[in-house]
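Q: Some terms used for a structure rest on cut-offs. Please set the values against them.

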Amino acid sequence: MRRGSPVTAAYSWLVYVFLYAPIAILVVFSFNRGKQTAVWEGWTLDWYRSLAKNDLILGSVRNSLIVGAVATVVATAFGTLAALALGRYEFRGKGATRNLLYLPIIIPEIVVGAALVTFFGVLSLHLSIWTVALAHVVFSVSYVAIVVRARLSGFDRSLEEAALDLGARPVQTFWRVTLPLILPGVVAGALLVFTISIDDYVITSFVAGVGATTLPLQIYSMLKVGVTPEVNAVSTLLLLVTIVMIVIAQRLQQPPAEGLRD
Amino acid sequence: MKGGRAGRGDRAAYPLVLPTWATLGVFFLLPLAILFVVSLGQRATYGGLKPIEDLGLYISSGKFLANYARAFHPIYLQIFWRSIWMAVVTTVVCLAISYPVAYYIAVTAPLKRRNLLLGLVVVPFWTSFLIRTYAWMFLLRTEGLINHFLLATGWISQPLELLYNNFAVLIGLIYGELPFMILPLFASLEKLDLSLLEASEDLGAGAVATFFRVTVPLTMPGIVAGIILVFVPSLGQFIVSDLLGGAKTILAGNLIQNQFAVARNKPFGAAVAFGLTAAVLALLFFYALYTKRKGQDVLL
């Protein structure tokens, strides 16, 4: 039996409106013809067209894509391997590995940013998009490990044992049996890394050198100067990309058959 | 085959975790250690670290703690106090708003709609904090939509100063952190055995008594997890206070950022960063004790 009154339902829908209305208004006003952003003056795609001609924005998109791609590949590989180790082996240092993976999620981003920029300074490392990509790997490995680890809990190990018994080498078994089975989790983890990477502002603002401006840094500096319809347009595009990724990641993470309850 | 698993397992795990250990060891733990050392140092005139001439004297004179001592100056205490009370208000308001929503998704809503309702919370959970904060900047500005609406309807004759104050920062924090409260509450409420609520009511408890004496205690793990997930990030906030609070609502996060970017006093910034980290770790230590006692599921 389901419980609760219509009041709970109505109230919940109000909260959903609160969650989505500000974003929706931002998106709608990216299509507003008026330059004075609070007054509606009709539909236009002008702001999107001017984005396409804005070299600063295009450059920042390029940087964000490079950083996102590098961070996604590296963090997904490392995180998946760590999840495999945690999911199936009892080894010395397992507890420490878990705690080590929790830390980057727990420690405030601003502290991680400050620590990394100090570290790069000590090494006299030139700040560039590569220091940004490195920082992004550091804070996203944990998310991949968590998502892939969740996928492993329903994993039937006898399938791997069968492959080994039938004469497959361990490497073959990994590529042909293990990886296809955990692939939805790996892809979901990769999508999340890319999403976090192209959205990150705080840590990136510490470790990005001159010429390494990513899209969120570009948006932030535009906001500091003043609100323009162009900011709404670029924000809308970023939202669109991330929402698509999250929805796909979410689908991939859902267990195939969910147990029903009364 | 199965008998050999434990023995075979031990060593095979190390190559798998090595890349993660190396990455997080070199680019996470080591930087944190260096930041800690810097927090014990002194700022040089042009922003770098001042070389220490006599280490023995430096330690015995207590100078290595100077940055931490400085953090107790009333100017900074005021900032930390503001960070704490704003994080507390954000957490309490988020909990109050979220519980009925999580209850609705987990218990009231038709099952076939549950995934959609949950997905609608997950999307803002992962989308850009920056853009979601900007959305409020857009609404609250002097020339923003809210002022425009109030002026047009004749409720006010002068635009209100809605932005750059504590109120705006609180709205931004609550809005930003809300999904982080709904999700853990949902996870707990989803596991709630509804027959216990029926039993309570059959035994004569009213709806209110059942809620506070059965539902709330049984979903306490979700409540505690939600409190942690909202309170900890609020404490280290930087974007919301910078964009919606301006120079008037400086939080601990802004203070740290300012020392690194503007004031060029890295040792002091590092000390504040470590104070913040210590506070967060202390909270999580108690949380770990709590979950251990409750035997809650772990993520990794």
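A: Where pLDDT is low, the predicted coordinates should not be read in detail. This is a predicted model, in which local features need pLDDT of at least 70, side-chain atom pairs count only at pLDDT 80 or more, and totals for chains, interfaces and linings use all residues. Residues are numbered from 1 along each chain as its sequence is written, while chains are lettered from A and ligands numbered from 1 in the order in which they are written.

Q: How do you know where confidence in chain B is lowest and where it is highest?
A: By mean pLDDT: helix α2 (residues 55-60) of chain B is lowest at 81, and α4(B) is highest at 95. Chain B as a whole has a mean of 88, with 95% of its residues at 70 or more. For the complex, the predictor gives an ipTM of 0.88 and a pTM of 0.88.

Q: What makes up the secondary structure of chain A?
A: Chain A has 11 helices and 0 strands. Helices (H or I, at least four residues) and strands (E, at least two) are DSSP runs, numbered from the N terminus.

Q: Why is the crossing of α4(B) and α11(B) called right-handed?
A: A crossing is right-handed if the near helix is turned clockwise from the far one by less than a right angle, and left-handed if anticlockwise; α4(B) passes α11(B) in the former way. Their axes come within 9 Å and cross at roughly 145 degrees. Axes are lines fitted to C-alpha atoms, for helices over the stretch in contact, and the angles run from 0 to 180 degrees between N-to-C directions.

Q: What makes A114(A) stand out in the largest nonpolar core?
A: Together with A82(A) and A273(B), A114(A) touches the most other members of this core of 151 residues. Such a core is a set of buried Ala, Val, Leu, Ile, Met, Phe, Trp, Tyr and Cys residues joined through C-beta atoms within 7 Å. Buried means that 20 or more other C-beta atoms lie within 10 Å of the residue's own. Beyond its neighbours within four places in sequence, A114(A) is in contact with residues including F206(A), L35(B) and A273(B).

Key: A residue is buried if 20 or more other C-beta atoms lie within 10 Å of its own, exposed if 12 or fewer, and partly exposed in between; C-beta atoms are placed from the backbone. Two residues are in contact if their C-beta atoms, placed from the backbone, lie within 7 Å. pLDDT is the predictor's confidence in each residue, from 0 to 100.
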